[in-house]
Amino acid sequence: RLAHVPGEIRPTLETAAVLGRRFDFDTLLAVTREPEGALLDAVEALVKRHLLREEGEGGVYDFSHDKVREVVYRDIGGARRKLLHRSVAEALERRGEGEAHERDARLAEHYERAQVWSKALEYLVLAGERMKNVTTEVATSIMSKTIDPVERQFGFTMPALIALVTQ
């Protein structure tokens with residue numbers, strides 16, 4: 001199915017893959033900065049090809065299968081993937097929507113994948129500070145998605161990062 005995706009809508013599919021399994025149209029629009037009508041046409045074409053699904057009438061989409069997203073994501077070149085993660089992070093920063101701790105964790109993850117280390121660490125610390133008010137299960141889930149890449153990059157241990165975040 002992916003081999004037959006027209007070249008003009010492939011960037012939309014790649015951007016969606018970087019956004020994650022589930023994303024909303026407004027965020028995709030903010031990242032791509034494409035004209036709204038053209039982007040809607042591209043998304044509708046991807047839905048008709050059964051690569052994306054629309055959830056109800058709310059403009060929220062997800063991949064028809066996570067394997068589709070994984071293959072699309074893996075096929076994006078490293079430099080382009082890095083650029084897309086930075087674009088996603090910048091768009092999320094501009095929009096400032098959602099629960100603060102979740103948004104900060106997503107920003108940390110995207111900035112880490114874009115290799116903007118100072119921003120990744122800044123948002124990781126903010127996410128940790130804000131998670132003092134959430135349940136342990138939520139905090140563990142969010143931090144594990146964010147801390148693991150920082151551990152690999154900087155060689156920090158989990159206890160050292162937790163100490164840094166909770167100081």
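Start by selecting F63. Setting aside neighbours within four places in sequence, F63 touches L13, A16, A17, G20, R21, F23, L51, L52, R53, V68 and R69, where contact means heavy atoms within 4.5 Å. What you have open is a predicted model, in which local features need pLDDT of at least 70, side-chain atom pairs count only at pLDDT 80 or more, and totals for chains, interfaces and linings use all residues. Residues are numbered from 1 along each chain as its sequence is written, and side-chain values use heavy atoms, with hydrogens and water left out.

Now widen the view to the core. F63, together with L13 and F23, has the most contacts inside the largest nonpolar core, a set of 39 residues. Such a core consists of buried Ala, Val, Leu, Ile, Met, Phe, Trp, Tyr and Cys residues joined through side-chain atoms within 4.5 Å; buried means under 20% relative accessible area, exposed over 50%, and partly exposed in between, with a 1.4 Å probe and protein chains only. Colour α1 (10-19), α2 (25-32), α3 (36-48), β3 (60-63), α4 (66-75), α5 (78-95), α6 (100-113) and α7 (117-130): each gives the core at least two residues. These helices (H or I, at least four residues) and strands (E, at least two) are DSSP runs numbered from the N terminus.

Next, click on H85 in helix α5. Is H85 buried or exposed? With a relative accessible area of 1%, H85 is buried. Show its side chain and that of Y73 to find a polar contact of 2.7 Å, meaning a pair of N or O atoms within 3.5 Å, where within protein one must be able to donate a hydrogen and the other to accept it, and residues adjacent in sequence count only if both atoms are side-chain atoms. Beyond four places in sequence, H85 is also in contact with V18, H110, R113 and A114.

Then display α6 and α7. They pack at about 160 degrees with axes 8 Å apart; axes are lines fitted to C-alpha atoms, for helices over the stretch in contact, and angles run from 0 to 180 degrees between N-to-C directions. The pair is therefore roughly antiparallel, the word for angles over 145 degrees. Among the residues that meet are L107 and Y111 in α6, and Y123 and L124 in α7.

Last, visit two loops. Q115, between α6 and α7, has a positive phi of about 65 degrees although it is not a glycine, and is partly exposed at 45%. H50, between α3 and β2 (52-55), is also a non-glycine with positive phi, about 60 degrees; at 55% relative accessibility, H50 is exposed.

Definitions and conventions: Angles under 35 degrees count as roughly parallel, over 145 as roughly antiparallel, 65 to 115 as roughly perpendicular and the rest as oblique.
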